[in-house]
Amino acid sequence: MAGLVFLSILALVVAIPHTTLALELVASNASPASPGGQRFDAELGINGALSMMVDAIHYIQMAFAYSSPATPRKTVDTITFTLEDMPGVAYTYGSQFHLSASYVAGYTGEFQREMRSIVYHEMTHVWQWDGKDGNRAPSGLIEGIASFITLSYVNDLRPGFVTELNSKLATGWSESFFSDLTGKSVEQL
Ligand SMILES: [Zn+2]
């Protein structure tokens, strides 16, 4: 498509509990004309994404006991979120969170819940430790911790969720399992 590329960007400064630090969140839709960019703007928007990121950061910092002086904390000044044209689903490099516009366009399940799940997973990657140079943790462990935090969040909303989800998986898989078990609308979850 010819013409200007519009980049809509919104930034937000968030206070980090138990510290004097502030964190800047910067979100942008770098593919606004694509089907995924248009769906993103219509069903979530930059404000919605920022709001989910704030919720996730607070949850993750609680889960990782950031209020305890004994917890080694990551220093993060700015987290960026970009919706863009790329293969795959999402990834986070350092504190840069990238989401695929084509994944957004093609997702057929409960969109808000899927976005929240991705945001919790990717925000965990920003805050979790992964070892040190020359002594990195296995990627399966890093991914497992991000999935654990995301499922813990849902299980906190609905105690027993993981146990009952496991039982339901004996009969197959349905997107509706999440709303069946949580009794929550997708916006609430
Ligand atoms: Zn991951």
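**Exercise 1. State how many helices and strands the protein chain has, and in which pattern they follow one another.**

Solution. The model is a predicted one. Its secondary structure comes to 7 helices and 7 strands. Along the sequence, these elements are arranged as β-β-α-α-β-β-β-α-α-β-β-α-α-α. The protein chain has 189 residues, of which 23% are buried. Of the contacts between residues at least 6 apart in sequence, 57% join residues at least 24 apart.

**Exercise 2. Determine which strands pair with β3, and in which sense.**

Solution. Begin with strand β2 (residues 22-29), which runs parallel to β3 and is joined to β3 by 6 bridges. Within this pairing, N29 stands opposite L83 of β3. Next, take strand β5 (residues 96-100): β3 and β5 also pair in the parallel sense, over 5 bridges. Here T80 has Q96 of β5 as its bridge partner.

**Exercise 3. Assign the residues of β3 to its covered and uncovered faces.**

Solution. Recall first that side chains in a regular strand alternate between the two faces of the sheet. Strand β3 covers residues 78-84. The covered face holds I79, F81 and L83. The uncovered face holds T78, T80, T82 and E84.

**Exercise 4. Describe the pairing of β4 with β5 and the hairpin that the two strands form.**

Solution. Strand β4 (residues 90-93) pairs with β5 in the antiparallel sense, over 4 bridges. In the hairpin, 2 residues lie between the strands, and G94 takes a positive phi near 65°. A positive phi also occurs at A65, with a value of about 55°, although A65 is not a glycine. A65 belongs to the loop between α2 and β3. Since 12 or fewer neighbours count as exposed, A65 is exposed, because 11 other C-beta atoms lie within 10 Å.

**Exercise 5. Classify the packing of α4 against α5, and identify the residues in contact.**

Solution. Helix α4 spans residues 111-127 and helix α5 spans residues 139-157. Their axes are 8 Å apart, and the packing angle is about 135°. Therefore α4 is oblique to α5, as angles over 145 degrees would be needed for roughly antiparallel. The crossing is right-handed. From α4, the contact draws on S117, Y120, H121, T124 and H125; from α5, it draws on I145, A146, S147, I149, T150 and Y153. Sorted by class, there are 5 nonpolar and 6 polar residues, and no charged ones.

**Exercise 6. Carry out the corresponding analysis for α2 and α4.**

Solution. Helix α2 (residues 45-63) has an axis that comes within 9 Å of the axis of α4, and the two cross at roughly 50°. The two helices are therefore oblique to each other. The crossing of α2 with α4 is right-handed. On the α2 side stand M52, M53, A56, I57, I60 and Q61; on the α4 side stand M115, R116, V119, Y120, M123, T124 and W127. By class, this contact has 10 nonpolar, 2 polar and 1 charged residues. Y120 and T124 of α4 take part in the contact with α2, and Y120 and T124 are also listed for the contact with α5.

**Exercise 7. Locate A137, N155 and P159, and decide whether each is exposed or partly exposed.**

Solution. A137 lies in the loop between β7 (135-136) and α5. With 14 C-beta neighbours inside 10 Å, A137 counts as partly exposed. Beyond four places in sequence, A137 touches D130, G131 and I142.

N155 is part of helix α5 and is partly exposed, having 18 other C-beta atoms within 10 Å. Leaving aside neighbours within four places, N155 is in contact with F161 and V162.

P159 is found in the loop between α5 and α6 (161-168). P159 is exposed, with 9 other C-beta atoms within 10 Å.

Finally, consider T182. Its C-alpha atom is 8.8 Å from that of N155, at a sequence separation of 27 residues. From P159, T182 is 23 residues along the chain, and their C-alpha atoms are separated by 8.9 Å.

Conventions:
Residues numbered from 1 in each chain as written. Predicted model: local features only at pLDDT ≥ 70, side-chain atom pairs only at ≥ 80, totals over all residues. Axes fitted to C-alpha atoms, helices over the stretch in contact; angles between N-to-C directions. Parallel < 35°, antiparallel > 145°, perpendicular 65-115°, else oblique. Left-handed = near helix turned anticlockwise from the far one by under 90°. Contact = placed C-beta atoms within 7 Å. Nonpolar A, V, L, I, M, F, W, Y, C, P; charged D, E, K, R; others polar. Buried ≥ 20, exposed ≤ 12 C-beta atoms within 10 Å, placed from the backbone. Pairing = 2+ DSSP bridges.
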